[in-house]
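Student: I have a model open and want to learn how to read its features. Where do we start?

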Amino acid sequence: TLFVFYEVLTLSTYPLVSHAGDRRAMEGARKYLGILLGTSIGLLLPAIIWTYQLAGTVEFTPGGVISGHTTPLEATLLLAMFVLGIGKAAVMPVHRWLPAAMVAPTPVSALLHAVAVVKAGVFSLVKVVIYIFGVSYMAEIPAEKVLVYAVGFTIIAGSIVALRQDNIKRMLAYSTISQLSYIVLAALVLTPLAEIGAAVHIVAHAVAKITLFFTAGAIYVAANKTQVSQLNGIGYRMPWTMTAFAIGALSMIGVPPTAGFVTKWYMIAGAFQNDLHFVMVVLLLSTALNAAYFLPIIHRAFFRSEDQPPKVDHGEAPWPMVSALVLTAALTLLFFIFNGPVVDLEKVIVDLP
């Protein structure tokens, strides 16, 4: 069931990516479709079949289903096939579909990067770790640590590439690659608190990142600007939009009182439980890199003057757009306070009192 609807999601979003219909859009859409179908058919489907051969079932079961049916080496290879086969999680080197999909209209980018596609990937991986392998058995797989290092590399590399981008949407795309790997890394930490952090970050990242893409779209509609270097002084013309951007950016960094702080707290606490210093260093270093590419944008918007008056004396985008991004920014703040129901649900899943 998971595989079928995973593929349906890929196929149903392809027309959205190719919406413009020009050569650039079609090239990006082909890369999007090729990588996602290639990884799922070439790796995910064989991993599911192998799981059935080993365990005699592919039901999601608390505690996992393959323990006692496989050797550590086989389990390591199977885990690698799941991690890379679920290409929507965008773990390097199967991440290139995500920046390629930036040819899509901004609302579609918000759908791909915040709500539907990428979240299907990390949701699937968390389900596989908890219900196919089981947290206890995962700890017995020696090479599981190799995947922790690979995912940690994706977090840092994605942040470094984002730091070098001037195009707003491409910067947000590489930020998404890094943020998704937070979820995968936390799932592989194998402690209850980290598993909670992985699942809760699916929600926290969704509300913050969709805010950022909504603001990018509003900036384009109102000011026809797509580059970070063009945003000097725009906060004075679009205060609601750029305040919402600042809230989303601070959540990506993990600053209270935003949703991102809640999830990073659980992730760091989970890594501390197992004395995983590498994970803690990755989280702290990536936080610094997030600040390095988000805070200068906020500074440009509110603390620099415009280079020259714009050709069109613009203000905010149309009110429906502004209303939407203000709502998602408010949810980013509210999740910091009212995260109890989500956290309680995850505690039940990981069997934590």
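Student: What percentage of the residues of the chain count as buried?

Tutor: This is a predicted model. Of its 353 residues, 55% count as buried.

Student: How many helices and strands does the chain have?

Tutor: The secondary structure comes to 16 helices and zero strands. The radius of gyration is 20 Å, close to the 20 Å that the globule rule gives for 353 residues, so the chain is as compact as a globular protein of that length. Along the principal axes, the C-alpha trace spans about 70 × 45 × 30 Å.

Student: What share of the contacts joins residues 24 or more positions apart?

Tutor: Take the contacts in the chain with a separation of 6 or more. Residues 24 or more positions apart account for 80% of them.

Student: Now the aromatic rings. How is a pair described?

Tutor: By two values: the distance of the ring centres and the angle of the planes. A search of the whole structure finds seven aromatic pairs. In one of them, Phe261 and Trp265, the centres are 6.0 Å apart and the planes stand at 40°, so the pair is tilted.

Student: Where do Phe261 and Trp265 lie in the helix?

Tutor: Recall the general rule. An α-helix has 3.6 residues a turn, so residues three or four places apart point the same way. Here, Phe261 and Trp265 are four residues apart in helix α13 (residues 259–273), which puts about one helical turn between them.

Student: How are the rings of Tyr293 and Phe294 arranged?

Tutor: Their centres lie 4.7 Å apart and their planes are at 50°, so this pair is tilted. Tyr293 is buried at 5% relative accessibility. Phe294 is buried too, with a relative accessible area of 0%. Ring pairs also link Tyr293 and Phe294 with Phe245 into a cluster.

Student: Which charged ends sit over rings?

Tutor: Among them is Lys88, whose charged end sits over the ring of Tyr6, 3.3 Å from the ring centre. Another case is Lys127, with its charged end over the ring of Phe60 and 4.4 Å from that centre.

Student: How does the span of helix α14 compare with the one expected?

Tutor: Helix α14 (residues 277–303) has 27 residues. From first C-alpha to last it reaches 37 Å, close to the 39 Å expected at 1.5 Å a residue.

Student: Where is the kink in α14?

Tutor: At Ala292, with a bend of about 25°.

Student: Let me try single residues. What does Gly197 touch?

Tutor: Gly197 is in helix α10 (residues 192–223). Its relative accessibility is 0%, so Gly197 counts as buried. Leaving aside neighbours within four places in sequence, Gly197 is in contact with Thr263, Tyr266 and Met267.

Student: How far is Gly197 from Glu346?

Tutor: Check sequence and space separately. The two are 149 residues apart in sequence, and their C-alpha atoms are 8.8 Å apart.

Student: And what about Ala29?

Tutor: Ala29 is found in helix α2 (residues 23–55). Ala29 is buried, with a relative accessible area of 0%. Not counting residues up to four places away in sequence, Ala29 touches Tyr14, Val17 and Ser18. Lys347 is 318 residues from Ala29 along the chain, and 39 Å separates their C-alpha atoms.

Notes: Residues numbered from 1 in each chain as written. Predicted model: local features only at pLDDT ≥ 70, side-chain atom pairs only at ≥ 80, totals over all residues. Heavy atoms only, no water. Phe/Tyr/Trp six-rings, centres within 6.5 Å; stacked < 30°, edge-to-face > 60°. Helix = DSSP H or I, 4+ residues; strand = E, 2+ residues; numbered from the N terminus. Buried < 20%, exposed > 50% of the residue type's maximum accessible area, 1.4 Å probe, protein only. Lys NZ or Arg CZ within 6 Å of the ring centre and 35° of its normal. Expected span 1.5 Å × (residues − 1). Bend = angle between axes of the 7 residues up to and from the residue. Rg over C-alpha atoms; globule rule 2.2 N^0.38 Å. Contact = heavy atoms within 4.5 Å.
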